[in-house]
Amino acid sequence: PPTYENLEDFSPALDSQLAENKAFSNWFNHNTAEHKIAGYRAVILSLKAPGSPPGDVTEKQLDAIAELADQYSFGLIRSLHSQNLAFADVQKSGLFNLWQALEKLNLATPNIGTLTDIICCPGLDFCSLANATSIPIAKEISERFDDLDYLYDLGEINIKLSGCMNGCAHQSVGHIGILGVDKKGAEWYQITLGGSSEENATLGARLGPAVSKANITDAIEKILDTYLELRLEEEAFLQTVRRTGVQPFKEKVYAN
Ligand code: SF4
């Protein structure tokens, strides 16, 4: 393990930075996680800026990330299956400066664990096996739902989006799974709801017939509206779908 310093867990400077700066506090709450060593936190670098292909990083960003890792996290960068990067061991006293540096690099979108933290395969843009594009769909969804207050109100929802039945993005275990299919040369998308890869792992239930490319983001919006109508207090999306089944979502998405 890295040679951790012996630190106090409470950082008065961090406390006042969090109280004074809403953007920093949003980032802290969503893009950092508890650490078992006092005085440290883990930081997730969001590769899910609105409009960017999920998981993409440029060579300039990578160079800068490597320098920041040297400065803040023992020179180690971890790549996560969620298509983000992590600095696992950051001192709390360095979080504010690190956040400012990540902001400049467009790597601090405070959306980890929210709807726009989409896991997406390369799809038709890059993969010769694909039936349908996936990156443009992820882009459309992340641009449509870019209001942070709305995302935070929705709570934890993951979308997993694959461009063919090989399912590289594991859409069948997404809270919302989207699978690209080919229908007579056109791109369509099958939606599943209620999948999970965590404890109580479940395959999502198919919502109904595939939805056209032009309508897929509208369909996602109808699903979210239905969830907001149906949810009980503090009930997460996955719990609501498990309680109600897919029928009410289906009625909304396929209503004329
Ligand atoms: S799910 Fe299909 S389209 Fe996407 S990367 Fe895998 S093989 Fe390619």
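Here are some questions and answers on the domains, sheets and spaces of a predicted model.

In this predicted model, local features need pLDDT of at least 70 and side-chain atom pairs count only at pLDDT 80 or more, while totals for chains, interfaces and linings use all residues. Residues are numbered from 1 along each chain as its sequence is written, and side-chain values use heavy atoms, with hydrogens and water left out.

Q: How many residues of domain 2 are in contact with domain 1?
A: Let's start with the overall division: the protein has domain 1 (12-104) and domain 2 (119-253), with bounds from an automatic or database domain assignment. Their centres, taken over C-alpha atoms, are separated by 27 Å. Taking contact as heavy atoms within 4.5 Å, ten residues of domain 1 meet residues of domain 2, and the number on the domain 2 side is ten.

Q: Which strands stand at the edges of the open sheet of four strands?
A: Strands are DSSP runs (E, at least two residues), as helices are (H or I, at least four), numbered from the N terminus, and two strands pair if DSSP finds at least two bridges between them. The open sheet has the order 1-2-4-3 with antiparallel pairing. Each edge strand has a single partner strand, so one side of it is left without a neighbour in the sheet; these are strand 1 (32-34) and strand 3 (78-79).

Q: What is the bridge partner of E34 in strand 2?
A: Strand 1 pairs with strand 2 (residues 40-45) in the antiparallel sense, over three bridges. Within strand 2, the residue bridged to E34 is R41.

Q: At about what angle does helix 4 run to strand 2?
A: Helix 4 (residues 95-104) lies across strand 1, strand 2 and strand 4 (85-91). Axes here are lines fitted to C-alpha atoms, for helices over the stretch in contact, and angles run from 0 to 180 degrees between N-to-C directions. On that scale, helix 4 runs to strand 2 at about 5 degrees.

Q: Where does the largest pocket lie?
A: A pocket is an open set of points on a 1 Å grid over the protein atoms alone, with protein on both sides within 12 Å along at least five of seven lines, and lining residues have an atom within 4 Å of a point. The largest one holds about 300 Å³ of space, and of its 16 lining residues, S82, D117, E156, N158 and E198 are the closest to its centre. Both domains give residues to the lining, so the pocket lies between domain 1 (12-104) and domain 2 (119-253).

Q: What is the volume of the largest cavity?
A: A cavity is a set of grid points where a 1.4 Å probe fits but cannot get out, and the search of the whole structure finds one of 30 Å³ or more. Its lining draws at least three residues from each of domain 1 and domain 2, with K48, T116 and K139 among the lining residues. Volume is the space filled by probe spheres set on the points, which are joined across faces, edges and corners; for the largest cavity this is about 40 Å³.

Q: Which residue in the turn between strand 7 and strand 8 has a positive phi?
A: Strand 7 (residues 176-183) and strand 8 (residues 186-193) pair in the antiparallel sense over eight bridges, with I176 opposite L193. The two strands form a hairpin with two residues between them, and the turn residue with a positive phi, of about 50 degrees, is K184.

Q: Which residue of strand 10 stands opposite W188?
A: Strand 8 also pairs antiparallel with strand 9 (residues 205-206) over two bridges, where L193 is partnered by A205. Two bridges join strand 8 to strand 10 (residues 211-212), again antiparallel. In strand 10, the residue opposite W188 is S212.
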